[in-house]
Amino acid sequence: MESKATIKRQHILKSAKEFILKNGFNELTLDSVATQAGISKGGLLYHFPNKEALLIGLAQYIFEEFTTLIEDQAKKDPLEKGKWCRALIEVTKKDLEHNSELYVGIIAASMLSPDLLKNMSQIYQFMQNKMDQDGINPVTATIIRLAIDGLYYSELFNIAPLDDKLREKVFQQLINMTK
């Protein structure tokens, strides 16, 4: 069973995520998260002593959640070959349709924090390892991951982001590459 402190931390992180989705990443402050979570600022500071600590915790929370979604999606796939690549594609597709502002914000914040970047790197390596052992050509798996990175960075930097129709075709082509 999780401790009260762990439950409180999870509540704060979930509240921070909800705040960002509703108000945008640039509006995030410690005060706004405390209000969203329904706790005092002192209560927030007990768990996250500054904004950087909150962002690091939020990145870990989000990437753990993202990884869990990928693992759950892979478990549901009846075809063993390529299931991790397809899971990454499907979860990314849903994310870009619904939460991309949040994930793009976390990616942007990671550029400011070596600790956040280290955490992201570990999760990327975990996914790359799963994809390398996915029964498809490891180069193909890597191309799929890099294409997904490109979709996120296109959104992040607003560099010729794809319209919905073209994005759907790109995702379908990536799925086809896993078979």
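**A buried arginine, then the rest**

Guide: Start with Arg-167, which is buried, because its relative accessible area is 10%. Keep in mind that this is a predicted model.

Visitor: Where does Arg-167 sit?

Guide: Arg-167 is in helix α9.

Visitor: And what does Arg-167 touch, leaving out residues up to four places away in sequence?

Guide: Leu-96, Glu-97, Glu-155 and Leu-162, with residues up to four places away in sequence not counted.

Visitor: Okay, zoom out. How many helices and strands are in the chain?

Guide: Nine helices and zero strands. Along the sequence the pattern reads α-α-α-α-α-α-α-α-α.

Visitor: What does the C-alpha trace span along its principal axes?

Guide: About 50 × 40 × 25 Å.

Visitor: What share of the residues is buried?

Guide: Buried residues are 45% of the 179. The chain exposes about 9800 Å², with 55% of that supplied by carbon and sulfur atoms.

Visitor: Now contacts. Of those with a separation of 6 or more, what share comes from residues 24 or more positions apart?

Guide: 66% of them.

Visitor: Let's go inside. Which residues touch the most other members of the largest nonpolar core?

Guide: Ile-12, Val-33, Leu-44, Leu-54 and Leu-58, out of 25 residues in that core. At least two core residues each come from α1 (4–23), α2 (30–37), α4 (51–76) and α7 (114–132). The largest share is from α4, with eight residues.

Visitor: Take Ile-12. What does it touch beyond four places in sequence?

Guide: Ile-12 touches Val-33, Ala-37, Ile-39, Gly-43, Leu-44, His-47, Phe-48 and Leu-54, leaving out residues up to four places away. Apart from this core lies another of 21 residues, among them Ala-74, Trp-84, Met-131 and Leu-174.

Visitor: What packs against Ile-136, not counting residues up to four places away in sequence?

Guide: Ile-136 touches Lys-81, Gly-82, Cys-85, Ala-141, Ile-144, Met-177 and Thr-178, with that sequence limit applied.

Visitor: How far apart are Ile-136 and Lys-83, in sequence and in space?

Guide: They are 53 residues apart in sequence, and 9.6 Å apart in space, C-alpha to C-alpha.

Visitor: Next loop. Where is Ile-159?

Guide: Ile-159 is in the loop between α8 (138–156) and α9 (164–177). Its relative accessibility is 54%, so Ile-159 counts as exposed.

Visitor: Last stop, Ala-160. What is its phi?

Guide: Positive, at about 45 degrees, although Ala-160 is not a glycine. Most residues other than glycine have a negative phi.

Visitor: And is Ala-160 buried or exposed?

Guide: Ala-160 counts as exposed because its relative accessibility is 61%. Ala-160 lies in the loop between α8 and α9.

Methods: Residues are numbered from 1 along each chain as its sequence is written. This is a predicted model: local features need pLDDT of at least 70, side-chain atom pairs count only at pLDDT 80 or more; totals for chains, interfaces and linings use all residues. Side-chain values use heavy atoms; hydrogens and water are left out. Helices (H or I, at least four residues) and strands (E, at least two) are DSSP runs, numbered from the N terminus. Buried means under 20% relative accessible area, exposed over 50%, partly exposed in between (1.4 Å probe, protein chains only). Contact means heavy atoms within 4.5 Å. Accessible areas come from the Shrake-Rupley method with a 1.4 Å probe; for residues, only the protein chains shown count as cover. A nonpolar core is a set of buried Ala, Val, Leu, Ile, Met, Phe, Trp, Tyr and Cys residues joined through side-chain atoms within 4.5 Å.
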